[in-house]
Every structure is written in C-alpha cells, then in structure tokens.
Amino acid sequence: MDSFEHVDDNIVLKRLITVGPSIYLDKRDVLQNLIIQYGFWEKWVTDIFLELLKPGMTVLDIGANCGYYSLLAAMYVGSHGKVHAFEPSPLHYDNFIKSIEKNGFNNIQLHQVA
C-alpha cells in the first residue's frame, strides 16, 4: 500500500498509480477509500483508458466524482489538451478543485452540474 497524507479526519492526499497526479480523497466514500488503499481504481479500465489518451485530446468526464479519471487525463493530454469534468456533489467538487490546484492543471474545466 502506498502512503498518503492526512489532511483532516476524513480527507487524505494520495498520489495515483505511483507516478500520477495527487488527489484529495474522502475516507467516508467507498470508491475513494479503495483508491486510498491501492492508489488506483479498476486497474484494467485505468490501463485501457491511459492507452487511449493522446496529447492534445479533449476528454469529457461525466459524473467525475473525486476526479480520478479527469486528473489522469489532464496529465496525459498535456497542456494542449482539455478535460471537461462534470460533478454536482459539493463535497466531491470541493476536493476535486483542491486536487486541480495541487497539481497545477490548467487544462481541466470543472462544471458543478449534473
């Protein structure tokens, strides 16, 4: 298990797939708790997703939750690419914004809508 940093009682900061971006995760969320434990979500889907991404692409992440796929996409599509993420939940949205800022990603546009 990779390490993580406690931000408060429920929020941790974790690096994705050992070389990926950092992400703020909520321990109270089942999906996010698994990412905290393993550093990835659905490894086989993640592997295929990353294989399909190319620099300069535009990616849509509908129901982005904590931003797992959006953050990985932003890293892979680079500064000439764009990621549009949609997440209505205030808690997920707030942590996602912090993750974007932590990584310095200027290529993610987060929309707080369903």
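Helices (H or I, at least four residues) and strands (E, at least two) are taken here as DSSP runs, numbered from the N terminus. The model is predicted, with local features needing pLDDT of at least 70 and side-chain atom pairs counting only at pLDDT 80 or more, while totals for chains, interfaces and linings use all residues. Residues are numbered from 1 along each chain as its sequence is written, and side-chain values use heavy atoms, with hydrogens and water left out.

Overall dimensions come next. The radius of gyration of the protein chain is 13 Å, which agrees with the value near 13 Å for a compact globule of 114 residues; this radius is taken over C-alpha atoms, and the globule rule is 2.2 Å times the number of residues to the power 0.38. The C-alpha trace spans about 40 × 30 × 20 Å along its principal axes. Of the 114 residues, 45% are buried, where buried means under 20% relative accessible area, exposed over 50% and partly exposed in between (1.4 Å probe, protein chains only).

Turning to the sheet, β4, β5 and β6 form an open, parallel arrangement of 3 strands in the order β4-β5-β6. Its edges are β4 (58–62) and β6 (108–111), each of which pairs on one side only; two strands pair if DSSP finds at least two bridges between them. The twist averages 15 degrees from one strand to the next. Strand β5 (residues 82–86) is joined to β6 in the parallel sense by 4 bridges, and within this part of the sheet His84 stands opposite Gln109 of β6.

Two helices accompany these strands. Helix α3 (residues 68–77) packs on the sheet and touches β4, β5 and β6, its direction making about 170 degrees with that of β5. Helix α4 (residues 90–103) lies across β5 and β6 and runs at about 170 degrees to β6. Contact means heavy atoms within 4.5 Å; axes are lines fitted to C-alpha atoms, for helices over the stretch in contact, and angles run from 0 to 180 degrees between N-to-C directions.

Thr46, Phe49 and Leu50 are buried. Seen down the axis of α2, these buried residues fall within an arc of 95 degrees, so they line one face of the helix; the arc is that of the directions from the helix axis to the C-beta atoms. They pack against β4 and α3, whereas Trp44, Glu51 and Leu52 are exposed on the other side of α2.
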